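Have a look at the structure first, then read on.

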Amino acid sequence: KSMNKESQEPKQDAPPLDLTEILAYLVRQSGPFLDQLGVQRDLCEKLVDTLYSKRNGRLMHPPFSGDRSLIRNEDITDELDLRIARVLESTGYHREGFWNDPAKYKISDNRRHVAIVTTASLPWMTGTAINPLFRAAYLARSTMQKVTLVVPWLCKSDQQLVYPDNITFSSPEEQETYIRNWLQERLGFAANFKISFYPGKFSKERRSIIPAGDTSEFISSREADIAILEEPEHLNWYHHGKRWTDKFNHVIGVVHTNYLEYIKREKNGALQAFLVKHINNWVTRAYCHKVQCFRSIFVLTSWLLQYN
């Protein structure tokens, strides 16, 4: 809202960035790398807070407790982003050429667009198939946003390995009909949302469906507003396409599965879990603006219904 308000005001020259602002932004952008070096995220956020507060001539507030500290860090991040945007706008800087990104989604009818991307689909009765499905239905019930559920499509041989009771589908349309019928039997209202399929491959070793190709391509640029990545680490283990945070205005990761506990049970599990932990942290922080555990999903859904 503050960014929209800012864009409506007359453009003014902004003072150039000083050293502490540049350092604060550099530390924040280096978060995923510092995380791999063992630097805790809280420490990075405190350093950014300290540097930016010094720039503004503000005294550091006493340490907050609980959620108030999170609010403080988010405020500092928003202020820093707005400051960078003002400086870039005042200089007339625009990225061009190879590194130029297409224009991000803009609200045209006062409705946001939410893309929910998940790693499984019915009839596989797993959490990442069922929970995102109900999330899409209830978010679509509100008139504040349009919703697209993005699920994997498997070849017939993989379907036979994954889906129970020998259920298979000849086309995505056939599977979509199955999904909607299953959902309709359990809802007391009409679920008006779109279902889109991306190609996936079942990995026997990981007992998981792995995206094949760039999953972000299955949401058009004109609909790339808010993305909810169900199991962001899983979706991005082999992601080689456009960065989610470059294409979408806001990206939220919802962590479902404790993969580390499964890995620890395998041979050399402790070493594998150590490596996977850092890989998961890296890809999650690289591709998401915010990450939530599944236990806080009610807070996430409530926030999305109010996000405008």
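Let's start with threonine 118, which is buried at a relative accessible area of 1%. Keep in mind that this is a predicted model. Threonine 215 is another buried residue, with a relative accessible area of 4%.

**Threonine 118**
- You'll find threonine 118 in the loop that links strand E1 (112–117) to H6.
- Its side chain reaches over to the backbone oxygen of threonine 128, at 2.5 Å.
- Setting aside neighbours within four places in sequence, threonine 118 is in contact with Thr128, Pro132, Leu149, Val150, Val151, Pro152, Tyr198, Glu230 and Leu235.

**Threonine 215**
- Threonine 215 sits in a loop too, between strand E4 (208–211) and strand E5 (226–230).
- Residues up to four places away in sequence aside, threonine 215 touches Val117, Tyr198, His239 and Trp244.

**Nonpolar cores**
- The largest nonpolar core has 26 residues, and Ile116, Leu133, Val147, Leu183 and Phe193 touch the most other members.
- Elements giving two or more residues to this core include strand E1 (112–117), helix H6 (127–141), strand E2 (145–153) and helix H8 (172–184), along with strand E3 (194–203) and E5.
- H6 provides the largest share of this core, at seven residues.
- Zooming in on valine 147, and not counting residues up to four places away in sequence, this residue touches His113, Val114, Ile116, Ala136, Leu139, Ala140, Phe193 and Lys194.
- There's also a second, separate core of 16 residues, with Val150, Val251, Val283 and Ala286 among them.

Technical notes:
Residues numbered from 1 in each chain as written. Predicted model: local features only at pLDDT ≥ 70, side-chain atom pairs only at ≥ 80, totals over all residues. Heavy atoms only, no water. Helix = DSSP H or I, 4+ residues; strand = E, 2+ residues; numbered from the N terminus. Buried < 20%, exposed > 50% of the residue type's maximum accessible area, 1.4 Å probe, protein only. Contact = heavy atoms within 4.5 Å. Core = buried A, V, L, I, M, F, W, Y, C linked by side-chain atoms within 4.5 Å. Polar contact = N/O pair within 3.5 Å; in protein donor to acceptor, adjacent residues only side chain to side chain.
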